[in-house]
Amino acid sequence: MRQLIAGNWKMNGLVADSLSLARAVADAAPGLACDLLVCPPATVIRPVAEALAGSVVAVGGQDCHTHANGAHTGDVSAAMLRDAGAAWVILGHSERRTDHGETDTLVRAKVAAAVGAGLTPIVCVGELEAERLAGREQEVVGRQIRGSLPEDFAGVVAYEPVWAIGTGRTPTEADVAAMHGFIRAELVAHLGERGQSVRILYGGSVKPSNAAALMAVPEVGGALVGGASLVAADFLAIARATHGG
Ligand SMILES: O=C(CO)COP(=O)(O)O
């Protein structure tokens with residue numbers, strides 16, 4: 001399966017800079033051997049999606065509510081993301097889990113809402129540094145997978161160790177291999193045969209300098225890129241580091 005390079009722009013981007021970033025990615029996309037996705041803030045999804053219409057670059061949101069509409073001030077539903085031009089949505093990012101107290105149960109409900117609205121979910125899992133130091137990373141990630149993914153899950157999983165996000169630190173390739181192998185086994189145990197075809201992205205300080213090594217690790221199906229996705233040249237360099245298999 002082709003690797004997926006997804007950019008999580010987080011809370012960054014006004015219309016003008018978002019459009020130039022999106023266009024720069026789209027211009028280079030036809031020559032790349034991976035799938036490409038950008039996830040801008042909700043306010044610029046529509047202009048970015050319009051600018052990318054007809055390109056191979058997909059657009060996603062960064063969160064959605066569990067309900068399609070209603071009295072939920074400040075929230076955005078999956079149907080609204082879809083209506084704005086998104087086809088994907090990131091769910092359960094550690095920043096959502098930390099900043100907004102999101103639980104596995106809530107993430108699971110959001111997955112159902114996203115799929116119901118026609119979006120493909122990318123569900124994020126990953127341990128805190130203290131949990132890794134205590135040797136509990138597989139226990140934590142296994143619990144997140146079983147709690148956050150419905151049994152009929154057909155999206156993407158992103159392994160993002162919380163301590164690697166925005167820090168410039170990454171796990172060793174051996175640690176990534178061990179965790180992705182563990183996640184694959186958990187997916188198959190939880191989802192049956194369908195668990196074999198779920199792409200497992202790595203996220204956390206992916207840069208042009210480390211992308212080739214990380215993307216070559218077995219069971220790494222691509223990357224979820226934060227900071228480096230805001231610079232077109234860096235995001236594209238990461239995309240060129242995929243193995244296109
Ligand atoms: O959180 C991330 C992507 O969702 C990773 O962020 P950084 O690439 O900035 O570490």
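Trainee: Where does Trp-9 lie?
Mentor: Let's start with the ground rules: this is a predicted model, in which local features need pLDDT of at least 70 and side-chain atom pairs count only at pLDDT 80 or more, while totals for chains, interfaces and linings use all residues. Residues are numbered from 1 along each chain as its sequence is written. Helices (DSSP runs of H or I, at least four residues) and strands (runs of E, at least two) are numbered from the N terminus. On that basis, Trp-9 sits in the loop between β1 (4–8) and α1.

Trainee: Is Trp-9 buried or exposed?
Mentor: We count other C-beta atoms, placed from the backbone, within 10 Å of a residue's own: 20 or more means buried, 12 or fewer exposed, and in between partly exposed. Trp-9 has 22, so it is buried.

Trainee: Which residues is Gly-226 in contact with, leaving aside neighbours within four places in sequence?
Mentor: Gly-226 lies in the loop between β8 (222–225) and α10 (232–240). Contact means C-beta atoms, placed from the backbone, within 7 Å. The partners of Gly-226 are Asn-8, Lys-10, Ile-165 and Gly-166.

Trainee: What is the largest C-alpha distance within the annotated "binding site"?
Mentor: The unreviewed UniProt entry lists Asn-8, Trp-9, Lys-10, Gly-166, Ser-205, Gly-226 and Gly-227. Such annotations, given in the numbering used here with shortened feature names, may be inferred rather than shown by experiment. Although spread over 220 residues of sequence, these positions cluster in space, with a largest C-alpha distance of 14.0 Å.

Trainee: How many strands make up the closed barrel?
Mentor: Strands pair if DSSP finds at least two bridges between them. The barrel runs from β1 through to β8 with parallel pairing, and its strands number eight.

Notes: Contact = placed C-beta atoms within 7 Å.
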